[in-house]
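Here is a short note to read beside the model. Keep the structure open and check each point as you go.

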Amino acid sequence: MYRFIECDRAVDEKILEVNGLNRSDLLIDDFIVNTDQKCIQDFKKKILEFKDENFFIVGDYDYDGISAVTIISRLFARLGIRHNFYIPSRIKEGYGINTEMVERAKKYDFTVILTLDNGIVAHEAINRAKELGLKFMIVDHHEYNKLPDVDAVVHPSLLEKEYEDACTGGLSCLISKAFIEDDFAVVMAGCATMADMSKVFGYNRYLIQKGLEQLNNGSYSLINMLAKTRTYDYYDLSFNVIPKVNAISRMGYSANMMASYFLKSTKEAMSMVDGIDKVNEERKQCSKEMLKLADKLVNDDEVMVITDESFKEGLCGIAAGRLSDKYMRPVIVLSGDSILKGSGRSYGEFNFYEYLSGCKELFNNFGGHDKAVGLSIEKDKLEKLKEYIKNNPVVIEECSKDVLLIDKDMFNMDTIELMESLEPYGSGFKPILIAVRNKNIDFIDGTYPKFRINDICDAILFDRSKLKDDFNYLIGRLERSRYKKGTLSFVIEDIV
């Protein structure tokens, strides 16, 4: 399960070596955002061609979709383009645009439909729009078999290599930059890139680093109020901003509220913050209870399919991700009664979207990309799905988790600074786990057991069930203490 690697050189050099990377792979100092790419310029021309028309923007309910709606709505407001946006309900309507939304657009005199983070496979909706004489434009990064015949499309597959893993927020930022400079668009796109677990190279790395730089050097009260801080690191975005934005739709509320939040003035948005915080706390508690139940329903199948009527549909993706990491295999988690809805998460480099595309006729709805899928299926077809999985063995390269073994005296500020110099970590560049030998480490019991590594670093264990009297290694994540400046915290993930 673990591959222990002795740290025989500077920790940053060793992390790069383990990931098969060089420093040059991470440098973005000279990165120049190219808005002259053909599909971006074609899209810009269409926006200008249609600038006197009425745009109906359909977004998605996660951070990526919300950020894209925010960026494009800000752009259109500055260009004086009439528009309105709508984000479907995760629970009631599901993912993406449908024919009913197209007909609603026609009814209310919209003449151009622009989908953000959806639409690339919405063939029925596109055909209905054509029948009604509506124009159709798409910005999306999801998988497709054939590009749809619409007025304009922006997709990573149409861009240069440095942009091939861009999320929709990143693509929207690129479109916006083709018209104007908008620092807030970079902030929103950087957060979206982190939220969508996109690869952290090229354009994506630029967005994350520049977005964080903007947050720390500028004044972004709408983000500050969510994060409860004015100084940022990657932790603040990953744990204090992104989950709060995603919690709204996950808990069954309208994601339109979050897009509206990011388009308001500070004074207008201030009254919404307490409600957002409350929903996020509700999400945390529900997730905890759901994961506890889901963990009792695991099985030995190569692709685990876990269902329960009590599961909250909006939290299925979180549960699938946690179980996939824990049991090292692809997982689908579904909720509902006669119609089951939920999400699947891959493991390792396995392309889950491609695999499930082999039985997509079983699904009422299906979409996603290689690492994550969303789907709905009738309950009486569930056995056919399991039969497909049984008859189509999953091929996942056996992978053990790399663990960097370092001495106690390396748990210091120099080490953490070297690790931070490589940020951002993410898809394609995993943060490596750290291990320390059980040698002269003092145990401190308490609600959360601790181990004294050295004078400036304690290791803390949040899952008491992993505590052992006899062990060889503590394995976890090294980070700056968020409670005492100048000290470190070693968050234990396992004891072996």
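1. Start with the elements. The chain has 17 helices and 18 strands. Keep in mind that this is a predicted model.

2. Next, the overall form. For 496 residues, a compact globule would have a radius of gyration near 23 Å, and the chain agrees, because its own value is 23 Å. The C-alpha trace spans about 75 × 55 × 45 Å along its principal axes.

3. Now the inside and the surface. Buried residues are 53% of the 496 in the chain. The accessible surface is about 23,600 Å², and carbon and sulfur atoms hold 46% of that. Among contacts with a separation of 6 or more, 65% join residues 24 or more positions apart.

4. On charges: the chain has 66 positive and 80 negative ones. Their mean positions lie 4 Å apart.

5. Then the aromatic rings. The count is 25 aromatic pairs. In one of them, phenylalanine 4 and tyrosine 473 have ring centres 4.4 Å apart and planes at 25°, so this pair is stacked. Phenylalanine 4 sits in strand E1 and tyrosine 473 in strand E17, 469 residues apart. Phenylalanine 4 is partly exposed, at 31% relative accessible area.

6. Compare a tilted pair: tyrosine 163 and tyrosine 203, with 4.9 Å between centres and 40° between planes. Tyrosine 163 is in the loop between strand E6 and helix H6, and tyrosine 203 is in helix H8, so the pair ties together parts 40 residues apart in sequence. Tyrosine 163 is buried at 2% relative accessibility. Tyrosine 203 is buried too, at 1%.

7. Which residues form one aromatic cluster? They are Tyr63, Phe184, Tyr220, Tyr261 and Phe262.

Conventions:
Residues are numbered from 1 along each chain as its sequence is written. This is a predicted model: local features need pLDDT of at least 70, side-chain atom pairs count only at pLDDT 80 or more; totals for chains, interfaces and linings use all residues. Side-chain values use heavy atoms; hydrogens and water are left out. Helices (H or I, at least four residues) and strands (E, at least two) are DSSP runs, numbered from the N terminus. The radius of gyration is taken over C-alpha atoms; the globule rule is 2.2 Å times the number of residues to the power 0.38. Buried means under 20% relative accessible area, exposed over 50%, partly exposed in between (1.4 Å probe, protein chains only). Contact means heavy atoms within 4.5 Å. Accessible areas come from the Shrake-Rupley method with a 1.4 Å probe; for residues, only the protein chains shown count as cover. Lys and Arg count as positive and Asp and Glu as negative; His and the chain ends are not counted. The place of a charge is taken as NZ of Lys, CZ of Arg, CG of Asp or CD of Glu. Rings of Phe, Tyr and Trp (its six-membered ring) pair if their centres lie within 6.5 Å; planes under 30 degrees apart count as stacked, over 60 as edge-to-face and the rest as tilted.
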